[in-house]
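This briefing goes through selected local features of one structure, grouped by topic. Please keep the sequence and the 3D view open while reading.

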Amino acid sequence: MSSTAPIPVALVDDHTLVRKGLVELIQQSGEYEVVLEASNGREFIEALPHPDLRLAIVDLNMPEMDGFETLAWLKENQPGLLALALTFEGTEERVIRAVRAGARGFILKDIEPLELRAALRSVLTSGYYHTDLVHHTMLNSSMRTEEEKTRAKLLARLTENEVRFLKLICDDRELTYEQVAEEMGVHRRTVDGYREHICNKLKVRSKVGLVITAVRYGLVEL
């Protein structure tokens, strides 16, 4: 049990049994306390603002107002409230769509307790959670300076065409690699080369990792 006051968390999920199970997992260590529960995005938003609330876990599949809409609303209206996307389906497309909407990370509903706590801790300390990212423990005033330095270093490693490629895969149109190649006026194999080179330079392994890294460090504007 933590000797300090638990960190307030909101949990938004329309499946009552799943929600209650997650509440128990979140509160097991004593580090976190679920102070707000809601069954859809609209119900959650109507309960805001909530005193001291720092973190929200938002299911993507919900009636009335789904997770993507909720994440986008939070990004626009409550940017200080960090949100993790929650779902049964961890497909690349859903992860990227959730990140575009404003998610700071992505967890599955069958997540192990230790991984869940690691995700919560990572979001609160570094601002993001994703296994493809190299996490930094950056707090308070040093966080912005360090991330700006990291952004400059990352941009210095990328060519003009690689930056353009990054912008296109982060585009709201959700372009396929074939469509990216068409937009850039190059062969699909050239686009594959851009992807491989950028993954090596940014130390990520997937399209999801590329998008999250690009958003986190401001390499592209969404």
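**Surface charge**

Glu92, Glu93, Asp172 and Glu174 come together on the surface as a patch of negative charge. The model is a predicted one.

**Members of the negative patch**

- Glutamate 92, one of the patch residues, belongs to helix H4, which spans residues 92-101.
- Its relative accessibility is 33%, so glutamate 92 is classed as partly exposed, the range for that class lying between under 20% for buried and over 50% for exposed.
- Glutamate 174, also in the patch, sits in the loop that links helix H7 (160-169) to helix H8 (177-184).
- Glutamate 174 is likewise partly exposed, because its relative accessible area is 44%.
- The backbone at glutamate 174 has a positive phi of about 55°, although the residue is not a glycine.

**A buried lysine**

- Lysine 109 is placed in the loop between strand E5 (105-108) and helix H5 (113-126).
- With a relative accessibility of 11%, lysine 109 counts as buried, because buried means under 20%.
- The side chain of lysine 109 is in polar contact with the side chain of aspartate 13, at 3.0 Å.

**Helix H10**

- The buried residues of H10 include two with charged side chains, Lys207 and Arg216.
- Also buried in H10 are Val208, Gly209, Leu210, Val211, Ile212, Thr213 and Ala214.
- After H10 comes glycine 218, with a positive phi near 70°.

**The loop between H2 and E3**

- Proline 49 is in the loop between helix H2 (41-46) and strand E3 (55-59).
- The peptide bond joining leucine 48 and proline 49 is cis, with omega about -5°.
- Aspartate 52 is also placed in the loop between H2 and E3.
- Phi of aspartate 52 is positive, near 70°, in a residue other than glycine.
- Aspartate 52 has a relative accessible area of 64% and is therefore exposed, the cut-off for exposed being over 50%.

Definitions and conventions: Residues are numbered from 1 along each chain as its sequence is written. This is a predicted model: local features need pLDDT of at least 70, side-chain atom pairs count only at pLDDT 80 or more; totals for chains, interfaces and linings use all residues. Side-chain values use heavy atoms; hydrogens and water are left out. Patches are made of residues with over 30% relative accessible area and no salt bridge: like charges are joined within 9 Å, nonpolar side chains (Val, Leu, Ile, Met, Phe, Trp, Tyr) within 5 Å. Accessible areas come from the Shrake-Rupley method with a 1.4 Å probe; for residues, only the protein chains shown count as cover. A salt bridge is a side-chain nitrogen of Lys or Arg within 4 Å of a carboxyl oxygen of Asp or Glu. The place of a charge is taken as NZ of Lys, CZ of Arg, CG of Asp or CD of Glu. Helices (H or I, at least four residues) and strands (E, at least two) are DSSP runs, numbered from the N terminus. Buried means under 20% relative accessible area, exposed over 50%, partly exposed in between (1.4 Å probe, protein chains only). A polar contact is a pair of N or O atoms within 3.5 Å; within protein, one must be able to donate a hydrogen and the other to accept it, and residues adjacent in sequence count only if both atoms are side-chain atoms.
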